[in-house]
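Please keep the sequence and the model in view while reading.

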Amino acid sequence: MSRKKGHRNSKSKGKAAARIRLANNVSADDKDKRTSGQIAVNESHETAADRHDRADDKRDDSRPIHQDDSIQSVSAQDTPTQSSPEPDASIEELTIEPRKPRKLPRWTFHSIIAVLVVALVAAGVGVWGYSHWRHIAVSVNGTEQQVRADTTLGKLAKDNRDFGAKPGRLISVSGKVLKSTGGEPVVYRVNGKKIASVDATKHKTSKENSKEATGVPANLNSVKLPENARISVKSGKDVVEKHDIQRTVVPFNVIINGHGVIQKLRQAGKDGSSEVWTGKISGERVNKGVVTQPQDVIVDTFSPKPASCKVVALTFDDGPSQYSGPILDILKEKGAKATFFDIGTGSAEYPQMEQRMVAEGHQVASHSNTHPDMKKLNAEQLRTDISQGLANIKTASGVTTKMLRAPYGNFGVDQWRYTSDLIDSNVIWTVDTQDWKKLGAPEISDAALSKAYNGAVILMHDGGGDRSQDIAALPGIIDGLRGQGYEFVTIDQLIAMNGK
Ligand SMILES: [Zn+2]
């Protein structure tokens with residue numbers, strides 16, 4: 001009986017312990033299900049109690065270890081000895097026994113989780129290992145080498161001490177080294193693309209200083225190297241200290257070659273310069289001499305000589321005017337082409353004439369804007385007159401020309417010096433009809449017919465006064481020269497025929 005009671009006691013203690021554990025195990029789920037699952041819980045309770053009783057009975061047969069035993073041992077720990085109060089029977093009735101084991105055993109579930117975790121870790125280690133231990137081929141300045149796949153450009157550069165490349169130095173105006181760094185940084189390229197690196201000279205006070213101390217600009221560490229990357233590493237360029245520059249103009253010269261009716265510009269003039277540098281750090285003063293060579297004006301002078309034909313160029317100056325129309329009519333009737341050297345103010349006054357000259361196949365060029373003696377103008381006045389004369393032709397006819405016939409033929413070295421960027425040629429004449437003397441149409445005609453030669457440039461006028469004698473003389477001049485075998489060409493055509 002005493003054994004039975006003792007057993008009873010331990011049984012009660014076991015149940016109490018189970019109650020505590022199970023009370024703790026009642027999850028929110030269970031609570032939620034309580035209403036709908038009440039009957040099931042009760043059934044479970046009954047079944048469990050029955051099973052428990054059966055287990056009790058079997059215990060008499062000295063069945064070794066059982067779930068209750070383990071509960072008992074937990075109970076022993078929780079409730080030390082006799083001081084533990086006897087559990088109430090009513091509580092015993094309400095005790096919820098452990099639920100049935102789930103269909104899927106817990107150890108299986110845990111095993112799956114464990115396997116998954118191990119697999120994930122293994123995969124991670126594998127990926128890291130693959131990128132870390134795998135080697136790829138790259139070439140640096142043309143030399144191939146193997147590097148770990150996760151090597152950055154920064155690490156490669158650091159490990160190889162920038163492959164011997166050095167940052168540029170800061171040098172004085174005389175070429176002395178002021179600082180071994182301070183020039184341009186080492187230049188890195190990956191597959192031709194320049195990797196912007198930190199400029200050591202511009203970050204003196206920045207937090208990058210510590211990284212620069214390693215010699216590897218910080219941003220290189222973020223550059224990953226693709227397989228077969230072509231890497232180039234070049235030393236940075238030296239940089240000259242900041243300095244003041246004192247410039248002196250070195251003027252160009254004017255070179256006029258040869259003799260003839262056509263002056264054609266081969267090269268426009270451009271001033272050069274010499275410099276004296278004063279270093280802001282070193283204080284050195286260095287004469288750098290001529291740093292920009294001047295470019296001379298070069299003019300080639302010649303008289304075109306057509307080789308395979310017999311031509312003359314009729315030229316009319318000082319128009320357009322009211323006399324230009326009748327002259328254009330005669331040229332049209334005779335089928336002859338001429339060149340008109342127009343005054344800019346006349347072009348502005350007779351734009352229709354300017355347009356007609358162009359429309360009927362004649363050449364128009366400039367005879368200045370106001371017909372000054374150009375040798376009496378200063379540089380600014382000359383440039384203004386020539387510019388306006390060319391602009392007026394452009395406005396009147398749309399023609400852009402840089403050909404000039406200087407009034408009175410006065411155009412020398414200084415005039416070329418001042419205007420070689422405005423004009424490209426200056427055209428004189430070889431046969432003067434002296435129409436300006438107004439000796440009469442026959443005299444004008446005789447002068448033209450008697451002095452003409454192959455390649456002659458004949459001077460007449462369609463403006464600047466009464467030109468009725470020119471109009472009267474022109475038909476006879478054209479017919480007479482044709483009778484001598486001449487054809488009429490423009491100045492551009494004549495120049496093109498030189499030697500041909
Ligand atoms: Zn003139």
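Which residue in E4 does Ile-171 stand opposite? In this predicted model, the residue facing Ile-171 is Val-177 in E4. The two strands concerned, E3 (residues 169-171) and E4, pair in the antiparallel sense, and three bridges connect them. They belong to an open sheet of three strands whose order is E4-E3-E8 and whose pairing is mixed. Strand E4 (177-182) and strand E8 (239-240) are the edge strands of this sheet, each of them pairing on one side only.

**The chain as a whole**

The protein chain holds 16 helices and 22 strands. Of its 500 residues, 28% are buried. Among the contacts in the chain with a separation of 6 or more, 75% are between residues 24 or more positions apart.

**An exposed strand pair**

Strand E9 (residues 243-250) runs antiparallel to strand E12 (residues 272-279), and eight bridges join the two. Within this pairing, Arg-247 stands opposite Glu-275 in E12. None of the eight residues of E9 is buried, so the strand lies largely in the open. In general, the side chains of a regular strand alternate between the two faces of the sheet.

| Helix pair | Axes come within | Crossing angle |
|---|---|---|
| H11 (residues 351-359) and H12 (residues 379-397) | 8 Å | roughly 80° |
| H14 (residues 441-451) and H15 (residues 468-483) | 8 Å | roughly 35° |

The axes of H11 and H12 cross at roughly 80°, which means that H11 is roughly perpendicular to H12. On the H11 side the contact is formed by Pro-351, Glu-354, Gln-355 and Val-358, which meet Ile-393, Ala-396 and Ser-397 in H12. Sorted by class, this contact has four nonpolar, two polar and one charged residues.

For the other pair, H14 passes H15 in a right-handed crossing, with the axes crossing at roughly 35°. From H14, the residues taking part are Ala-441, Ile-444, Ser-445, Ala-448 and Leu-449, and they meet Gln-469, Asp-470, Ala-472, Ala-473, Gly-476, Ile-477, Gly-480 and Leu-481 in H15. By class, the contact of H14 with H15 has eight nonpolar, four polar and one charged residues.

How values were computed
Residues numbered from 1 in each chain as written. Predicted model: local features only at pLDDT ≥ 70, side-chain atom pairs only at ≥ 80, totals over all residues. Axes fitted to C-alpha atoms, helices over the stretch in contact; angles between N-to-C directions. Helix = DSSP H or I, 4+ residues; strand = E, 2+ residues; numbered from the N terminus. Parallel < 35°, antiparallel > 145°, perpendicular 65-115°, else oblique. Contact = placed C-beta atoms within 7 Å. Nonpolar A, V, L, I, M, F, W, Y, C, P; charged D, E, K, R; others polar. Buried ≥ 20, exposed ≤ 12 C-beta atoms within 10 Å, placed from the backbone. Pairing = 2+ DSSP bridges. Left-handed = near helix turned anticlockwise from the far one by under 90°.
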